[in-house]
Amino acid sequence: MAEHHPRRALITGITGQDGSYLTELLLQQGYDVVGLVRRSSTVSFERIAHLQDRITIVSGDLLDEASLIEALRLHRPAEVYNLAAQSFVQTSFGQPVLTGETTALGVTRLLDAIRIVDPSIRFYQASSSEMFGKVREVPQTETTPFYPRSPYGVAKVYGHWITVNYRESYGLHASSGILFNHESPRRGLEFVSRKISHAAAAISLGRQRELRLGNLDAKRDWGFAGDYVKAMWLMVQQDKPGDYVVCTGETHSVREFCELAFAHLGMDYRDYVVIDEAFMRPAEVDLLVGDAGRAASELGWHRAVGFQQLVAMMVDADLDLLQGKLKGIS
Ligand code: NAP
Ligand code: GDD
């Protein structure tokens, strides 16, 4: 079989938030980018519309191993970034088996496809700070034990360990980024950051009256997705594969996110936010805050965007979007 293409990367989850930023980064680095996209009745290319004529799309699904083998055989990438997942924690409580099939077993299917087609492919797995769940230590590092609190978190722990296992069993160059929450104007509207930024913008324009939220006391280590995709790429470029925590080292509550987002538009969140039990989770992750020391020393990775800047960026982008100044979310 022919050699793989040295500067070609395949990204699963290319239509998602991180997929779009990673595609931009890899194109800047001179890569051929191939995006694996699952079939749906309507296309969801909003985040990559501005990149579409510079990338190749291949059809495939993490639920179907044959489609993954075929995609690798057809395109022969040197690097594979597995960003695809059922990624919404709340949905994982209602669809635990689907979440396991995609977010856990999907990783094995992809690793197996790599083992079968070309074990010299370098692999990145999108692991998550949700694996720390009910945290065993503060801050969380690469050696903090996992205690997931949702079917999503449990599935990510499986995905993490199967990546380690294929590295150790078959010598694959397989790395995991344990990424803490990262957001952007391209974040899905169901996640709390974007739900708040979009609502604050809509309320300021008189298009929405209130914002219904769940637990305002949960704390997260929130960074900017554009910074975090650089860490993914850096991991794959190392001589040796490994696992790295990627975070800002700061933690803020959902309440603080609300305060800043509404204040950015001259409003007080307390006038608009309504607590709604429907958005509470059966088990919650109360506090996440990471230590990215290893990523800093070994990868030379540092985040550029801070919390206040992130909130302002998201609110401004939603204001522009609602006022029709932006087309789509690119
Ligand atoms: P996202 O916006 O929800 O994107 C998820 C992607 O997965 C979409 O492109 C989706 O395609 C695709 N997908 C879902 N099921 C699939 C399947 N069965 N086969 C193929 N593709 C499938 O997620 P994100 O925020 O970019 O996150 C990227 C990855 O990092 C995910 O694995 C997530 O769990 C993980 N992660 C995210 C964060 C964060 O804070 N953002 C933190 C840690 C880890 P459709 O467009 O067809 O739905
Ligand atoms: N989504 C949502 N909607 N969350 C709410 C709401 C609401 O109305 N009200 C309060 N929250 C709280 C949640 O209970 C949670 O504690 C926090 O806001 C953040 O929720 P999400 O934005 O949905 O993100 P997440 O932390 O559960 O998961 C995200 O980060 C993980 C990394 O730690 C996702 O991107 C995961 O895919 C990712 O792995």
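The largest share of the shell around ligand 1 comes from β5, with 3 residues. Helices and strands here are DSSP runs numbered from the N terminus (helices are H or I, at least four residues; strands are E, at least two). This is a predicted model, in which local features need pLDDT of at least 70 and side-chain atom pairs count only at pLDDT 80 or more, while totals for chains, interfaces and linings use all residues. Residues are numbered from 1 along each chain as its sequence is written, chains are lettered from A and ligands numbered from 1 in the order in which they are written, and side-chain values use heavy atoms, with hydrogens and water left out.

**Ligand 1**

In total, 25 residues surround ligand 1, and the closest are Thr15, Arg38, Asp61, Ser87 and Tyr152. A residue counts as near a molecule if one of its heavy atoms lies within 4 Å of it. By class, the shell divides into 9 nonpolar, 11 polar and 5 charged residues. For these classes, Ala, Val, Leu, Ile, Met, Phe, Trp, Tyr, Cys and Pro are nonpolar, Asp, Glu, Lys and Arg are charged, and the others, Gly among them, are polar.

Here are the polar contacts of both ligands, each a pair of N or O atoms within 3.5 Å (within protein, one must be able to donate a hydrogen and the other to accept it, and residues adjacent in sequence count only if both atoms are side-chain atoms).

| Residue atom | Ligand atom | Distance |
|---|---|---|
| Gln17, backbone N or O | ligand 1, oxygen | 3.0 Å |
| Tyr152, polar side-chain atom | ligand 1, oxygen | 2.6 Å |
| His182, polar backbone atom | ligand 1, oxygen | 2.9 Å |
| Tyr152, polar side-chain atom | ligand 2, oxygen | 2.5 Å |
| Lys195, polar side-chain atom | ligand 2, oxygen | 2.7 Å |
| Gly214, backbone N or O | ligand 2, nitrogen | 2.8 Å |

**Ligand 2**

The protein covers 96% of the 720 Å² of accessible area that ligand 2 has on its own; such areas come from the Shrake-Rupley method with a 1.4 Å probe, and for residues only the protein chains shown count as cover. Two or more residues of the ligand 2 shell come from each of α6 (192-204) and β8 (211-213). Of the 24 residues around ligand 2, Ser128, Ser129, Tyr152, Arg281 and Glu284 come nearest. This shell has 10 nonpolar, 6 polar and 8 charged residues. At least three of its residues come from each of domain 1 (8-182 + 222-246) and domain 2 (188-221 + 250-287 + 305-326), with bounds taken from an automatic or database domain assignment.

**The nonpolar core**

Among the 68 residues of the largest nonpolar core, Leu22, Leu26, Tyr81, Tyr124, Ile196, Phe262 and Trp301 touch the most other members. A core of this kind is a set of buried Ala, Val, Leu, Ile, Met, Phe, Trp, Tyr and Cys residues joined through side-chain atoms within 4.5 Å. Helix α7 (residues 225-237) gives the most to this core, 9 residues. Domain 1 and domain 2 each supply at least three residues to this core.

**Two more residues to look at**

Ser176 lies in strand β6 (residues 173-179) and counts as buried because its relative accessibility is 0%. The cut-offs are under 20% relative accessible area for buried, over 50% for exposed and partly exposed in between (1.4 Å probe, protein chains only). The side chains of Ser176 and Ser127 are joined by a polar contact of 3.3 Å.

His302 is found in the loop between α9 (293-299) and α10 (307-322), and counts as exposed because its relative accessibility is 58%. His302 and Cys247 are 55 residues apart in sequence, with 8.9 Å between their C-alpha atoms.
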